[in-house]
Amino acid sequence: MQNSNLNPLSHFDKTFEDEFYKYAKSLEFKKGSSPFYADDLLKYFYIIIDGRIKTYQLNFNTNKEQTIFIYKRGDMFDVISLLDDKPHDVIYEVVEECRVLELPIEKVRYWLENDIKFNKIFFPYLAAQMRHTEELATELTLYDTKDRMINLLVDNLNTEKRFKYNLLNNLSNSEIAKLLGTVRHVIERTLKELKDEGLVETSRKSIKIKNFQKLLDKTSQMLLK
């Protein structure tokens, strides 16, 4: 397995790379599978090589689902179990056929305690996760679905938004609804409104922005509400 499979390793020397791959095990998962459970994530830590995996919460009484993250190449999980050594009550589902690296979690903890370069990658990544979660909570509380959709469209093109950049690529309206805390028909109605306003064009699993500046203006207006 080559270094090019995993961008973060380009920051490390050959000694660390050799040690990393000594402990890493490559796994493949099919779309739609749910391969991770809380007990697994107390033993192992995962890094995505290719494909996408989402993590979400589900209300079993209402079947309402809220997607928290859609992980892609280079993303790591479960960061919370890694840090506090406790089960994390979330569900994982493979959104696109994927490959991951499985690492013994105790070895990853050892690197956190003893390797400065690993820390310099891990802690900014942790901060990005925390920032994303804070933004998700804020948007769900303060903004309506249309505003959240506009924010998502803008952030989807923002390279500084690690967990939203290129997020919408090949996502169904049902998956977008779960990202925004709503249901498919509401997303379809919202996209029709944006289309009628000349802001987007839509096709199956594709949203094309026609007037990015106007979308940006709308995000600015949200802050003034």
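Is H132 buried or exposed? At 11% relative accessibility, H132 counts as buried, where buried means under 20% relative accessible area, exposed over 50% and partly exposed in between, with a 1.4 Å probe and protein chains only.

Before I go on, the source. This is a predicted model, in which local features need pLDDT of at least 70 and side-chain atom pairs count only at pLDDT 80 or more, while totals for chains, interfaces and linings use all residues. Residues are numbered from 1 along each chain as its sequence is written, and side-chain values use heavy atoms, with hydrogens and water left out.

Back to H132. This residue sits in helix α5, residues 116-142; helices (H or I, at least four residues) and strands (E, at least two) are DSSP runs, numbered from the N terminus. Apart from neighbours within four places in sequence, H132 is in contact with I68, F69, F163 and K164, contact meaning heavy atoms within 4.5 Å.

Next, helix α6, residues 145-155. Ten of its eleven residues are buried, so α6 is largely enclosed by the rest of the structure. Among the buried ones are R148, D147 and D155. At the N-terminal end the cap is D144, with a side-chain oxygen 3.3 Å from the backbone nitrogen of K146.

Now the backbone. Most residues other than glycine have a negative phi, and most peptide bonds are trans. N63 has a positive phi of about 65° and is not a glycine. N63 is in the loop between β2 (44-59) and β3 (64-71), and with a relative accessible area of 59% it is exposed. N170 also has a positive phi, near 65°. Its place is the loop between α6 and α7 (173-180), and at 42% relative accessibility N170 counts as partly exposed. The peptide bond from F77 to D78 is cis, with omega near 0°. D78 is in the loop between β4 (76-77) and α3 (79-84).

Last, the chain as a whole. There are nine helices and seven strands. Of the 225 residues, 44% count as buried. A compact globule of 225 residues would have a radius of gyration near 17 Å, and the chain has 19 Å, which agrees; the radius is taken over C-alpha atoms, and the globule rule is 2.2 Å times the number of residues to the power 0.38. The C-alpha trace spans about 55 × 40 × 30 Å along its principal axes. Of the contacts with a separation of 6 or more, 69% are between residues 24 or more positions apart.

Terms used:
Polar contact = N/O pair within 3.5 Å; in protein donor to acceptor, adjacent residues only side chain to side chain.
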